[in-house]
Each structure stands twice: as C-alpha cells, then as structure tokens.
Amino acid sequence: MQAIMQEEWNGPDSVRLVETPDPHPAPTEVRIRVHAAGVNPVDYYTSRGLAYNRVLELPFIHGWDVAGVVDEIGYGVSRFQVGDRVFGMPWFPRQAGGYAEFATAPSRHFATMPGGVSFAEAAALPLAGLTAWQMLVDVAHIATGQRVLVSAAAGGVGHLAVQIAKACGAYVIGTARAAKHDFVRALGADEVVDYTATPVHEVVSDVDVVIQMFGGDAGREALNCLRPNGILVSAQAAWTPGLAERANELNVEAHDYLVEPDATGLEAVADLVAEGKVKVHIAAEYPLSEAAQALQAISNGRTSGKIVLTAV
C-alpha cells in the first residue's frame, strides 16, 4: 500500500510517500480501507519530534484521524462487518498509520459514521471531536446553563467545542481573532472575544468552565476567568508551568488532559452530527501525495476548522 512515512525528526520536509506492506488485523481488530484522514496540529509537532516521539520510533506512518470502509475483520470482532463505513482515532498517541491506504486497530477504537456526512467530514471529526467531548463532558461535567469559555474557538477542537457546549445547553464565550468572529458566532457562540486586542481575563469573568487550548502565560491567566470552584481543562498543561499551584491560590480547579481512543465518545459526537447540532468545518483538502504541504499548512495555528487528506 501507499503510506506517508516520517523518516527523520525534521518536520514536513522529512515525510515521504512510500510503498509498504499491507497490514492485516490481529484478533479484536479491523482493517479499514482509508478514504480520508484528518490532519491535526499534533501531527505537525510530532513530525518535528516535539510531541510523542517517546512512544513513536522512526520511521513511522503518520496520522490518527481516519474514515473509511471495513474490509477485513480479525477474530472475535462483533461490532462491525465488512462494508461498514466507520471513523475513528485509533491508537493515539502510538502509531495509528492513518495517512495510508489501509489502517488496522481494535474495533472499539472506531464507530459507525454518522449518516449524511462525507468521508472527508467524518475523518475531520475524531481527534478534535473527541478532545472537545472528553474535555467538556468527561472532565468538566458540563451542565445546562453554565457559562463556558472556549479558547481558540475557530480552530479544529475549538469550533467543535463551541457547538458541543451549545448542544449541552451552555452559554458559550469563544476567543478568536477579529477576522474569525463571524465564523465563531455562526457556530452558536453567545459572545466572541478578540484575544489579540485585550487579555481575555480582563474582559471575561465568572465562568464555570474554561476549555484551554493555549499553554504558557495564557494558560495560567485563563484561571482568572473562572468563578470560585470553577474548572479549567487544559490541553496544554504540560507546557504551562505552575498551573496547578496558581489554580490552588485562586480556589479553582485545573485539570491536565490528553485525548484517548473512545468508541462511546465517538458515538455521542456522531449522534450530535446526525441531529444537526454539530457540523465540522473543512478548511482545505489535499491528496495523500501532498501530505507534506498539508502539514505545513496547519503549522501556523491559524486554520479555521480542519484540514483533511483525501483520495487516500
């Protein structure tokens, strides 16, 4: 099969389209003929050796977001049959090999694709959708009527977190550059704050939940937006020294977080998509052969929604 291989920790310049043996499923696994694969910022950072090189060994096949059709089933699998359309985020943060013609993983790392969506849309959902769902529902235990602040609200995770929070009955405040405010409002945000014009904690306060996608000073300062005993869930806690200590000083909670494969969460996100409450936005599509360009395109952190590889 064809696959995108990372050969050195040298960013997009060291990825190559190669021929490699077809994988086959072990017991409890399925093989997916990949029709589309999502591209995420973590893919770019991983290509530079800045993310999960501790659990990845060179060379490795890129990609964690996949959507496609089950074409082979391992012993013991009961969730799917050959021909089922599925999507998932298998193995994260270990190699999943999504940037390829085939990928294998445990069947419970996948869910049935929601009806009415394309393979590209389904491939854009798993990592970002699961991140948003798990942060809001599993960690923060979001409730109807709560005030929720979503940072980077136009991004891959953020634009889905805004919609999921609204579907859960929250009042949502999003942060984004001014040029993206109309986009974030169209997602359902009740307020949008330009984080480049004014420090967010100076204009937003008394929120119940903060979904924090930035680390460093911004990650710590976001604690000031919370009411007493409010909850901040940080996807960048590892890059935010002193977060827990500062949270304790302010009488609020700070949780570190990393997304995990989760069929139940995928099914919940799929239900919201099927009900029309969540829609993924695709900023650009690239063929598999242009994976390096796709990785470079997502590197600046300015993408609205998701980038996807198609014709995999």
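These legends describe close-up views of a predicted model.

View 1. A search of the whole structure finds one cavity of 30 Å³ or more. The volume of this largest cavity is about 30 Å³. Its lining includes Leu 56, Phe 60, Ile 61, His 62, Gly 63 and Trp 64. Arg 94, Gln 95, Ala 96 and Gly 97 also line the cavity. By class, five lining residues are nonpolar, four are polar and one is charged.

**View 2. Trp 9 and Phe 60, a tilted aromatic pair.** The whole structure holds four aromatic pairs. In one of them, the ring centres of Trp 9 and Phe 60 lie 5.7 Å apart. Their planes meet at 40 degrees, so the pair counts as tilted. The pair links distant parts of the chain, 51 residues apart. Trp 9 sits in the loop between strand E1 (2–6) and strand E2 (15–19), and Phe 60 in strand E4 (residues 60–61). Trp 9 is partly exposed, at 32% relative accessible area. Phe 60 is buried, at 3%.

**View 3. Trp 64 and Phe 92, an edge-to-face aromatic pair.** The ring centres of Trp 64 and Phe 92 are 4.9 Å apart, with 75 degrees between the planes. Trp 64 lies in the loop between E4 and strand E5 (65–73). Phe 92 lies in the loop between strand E6 (85–88) and strand E7 (102–106). The pair therefore ties together parts 28 residues apart in sequence. Trp 64 is buried, with 3% relative accessibility. Phe 92 is buried too, with 7%.

View 4. Arg 31 and Asp 71 form a salt bridge, their closest N and O atoms 3.0 Å apart. Arg 31 belongs to strand E3 (residues 29–39) and Asp 71 to strand E5, so the bridge joins parts 40 residues apart in sequence. Arg 31 is buried, at 8% relative accessible area. Asp 71 is partly exposed, at 24%. Arg 31 also lies over the face of Phe 102, 4.1 Å from the ring centre.

View 5. Arg 185 is partly exposed, at 44% relative accessible area. Asp 182 is exposed, at 62%.

Notes
Residues are numbered from 1 along each chain as its sequence is written. This is a predicted model: local features need pLDDT of at least 70, side-chain atom pairs count only at pLDDT 80 or more; totals for chains, interfaces and linings use all residues. Side-chain values use heavy atoms; hydrogens and water are left out. On a 1 Å grid over the protein atoms alone, a cavity is a set of points where a 1.4 Å probe fits but cannot get out, and a pocket is an open set with protein on both sides within 12 Å along at least five of seven lines; lining residues have an atom within 4 Å of a point. Grid points are joined across faces, edges and corners, and a volume is the space filled by probe spheres set on the points. Ala, Val, Leu, Ile, Met, Phe, Trp, Tyr, Cys and Pro count as nonpolar, Asp, Glu, Lys and Arg as charged, and the others, Gly among them, as polar. Rings of Phe, Tyr and Trp (its six-membered ring) pair if their centres lie within 6.5 Å; planes under 30 degrees apart count as stacked, over 60 as edge-to-face and the rest as tilted. Helices (H or I, at least four residues) and strands (E, at least two) are DSSP runs, numbered from the N terminus. Buried means under 20% relative accessible area, exposed over 50%, partly exposed in between (1.4 Å probe, protein chains only). A charge sits over a ring if NZ of Lys or CZ of Arg is within 6 Å of the ring centre and within 35 degrees of the ring normal. A salt bridge is a side-chain nitrogen of Lys or Arg within 4 Å of a carboxyl oxygen of Asp or Glu.
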